[in-house]
Amino acid sequence: MTTPSIQRRLAAFVYEGVLLFGVLFVAGWLYSTLTQLKDPGRQGTLGLQLFLLLVLGVYFVWFWSRGGQTVAMKAWHIRLVDRQGRPVSQVRALARFALAWLWFVPALLTAKMAGLHGGALFGLLFVGVLAYAALARLHPDRQFWHDAACGTRLVDWRPAR
């Protein structure tokens, strides 16, 4: 089981973000339509945020526990397995989803404490993601630290020809 390069995993990460933009757009539209949310700024956004977090959780846990690949991971020939190379259970996939927020939480907390918004927030998130990805170089198998904590790993996965 070989580990994909960090660059390839980041490319899949970016591609996943593009795909999830559409998924979250439709989910947000559905939520705002069903709840008749007219002005999120005035009515609060906690319900919408929790719903979108649920949508993300279902998306990732479903794909990771049913074949080990999201759409972006299939495109980049990357698969999620446990340490022994077996498929990942739903519980392990859920744990990975929760710990994967380590990509964003430090930057989001820093931005909140510093009162950053807009482009500055985006820039801080970008730097935070790159810094977290670089930490994989410290792991013996070049795995991300949330994978190490969850007993999972990302591996090269080429389809049989």
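Visitor: What volume does the largest pocket have?
Guide: About 1,300 Å³, counting the space filled by probe spheres set on grid points that are joined across faces, edges and corners. This is a predicted model, so local features need pLDDT of at least 70 and side-chain atom pairs pLDDT 80 or more, while totals for chains, interfaces and linings use all residues. Residues are numbered from 1 along each chain as its sequence is written, and side-chain values use heavy atoms, leaving out hydrogens and water.

Visitor: What makes something a pocket, and what puts a residue in its lining?
Guide: On a 1 Å grid over the protein atoms alone, a pocket is an open set of points with protein on both sides within 12 Å along at least five of seven lines, whereas a cavity is a set where a 1.4 Å probe fits but cannot get out; a lining residue has an atom within 4 Å of a point. Here 35 residues line the largest pocket, and Phe13, Leu20, Trp101, Trp103 and Phe104 lie nearest its centre. Helices H1 (6–35), H3 (46–65), H5 (90–99) and H7 each give two or more residues to this lining. H1 gives the most, with 10.

Visitor: Which runs count as helices, by the way?
Guide: DSSP runs of H or I with at least four residues, numbered from the N terminus (strands are E runs of at least two).

Visitor: Why are H6 and H7 called roughly antiparallel?
Guide: H6 (residues 105–114) and H7 (residues 118–134) pack at about 150°, with axes 8 Å apart. Axes are lines fitted to C-alpha atoms over the stretch in contact, and angles run from 0 to 180 degrees between N-to-C directions. Under 35 degrees is roughly parallel, over 145 roughly antiparallel, 65 to 115 roughly perpendicular, and the rest oblique. So H6 and H7 are roughly antiparallel.

Visitor: And why is H1 called oblique to H3?
Guide: Their angle is about 130°, with the axes 10 Å apart, and that makes H1 oblique to H3. Touching residues, meaning heavy atoms within 4.5 Å, include Glu16 and Gly28 of H1 and Gly47 of H3.

Visitor: How many residues of each class are in the pocket lining?
Guide: There are 29 nonpolar, three polar and three charged.

Note on methods
Ala, Val, Leu, Ile, Met, Phe, Trp, Tyr, Cys and Pro count as nonpolar, Asp, Glu, Lys and Arg as charged, and the others, Gly among them, as polar.
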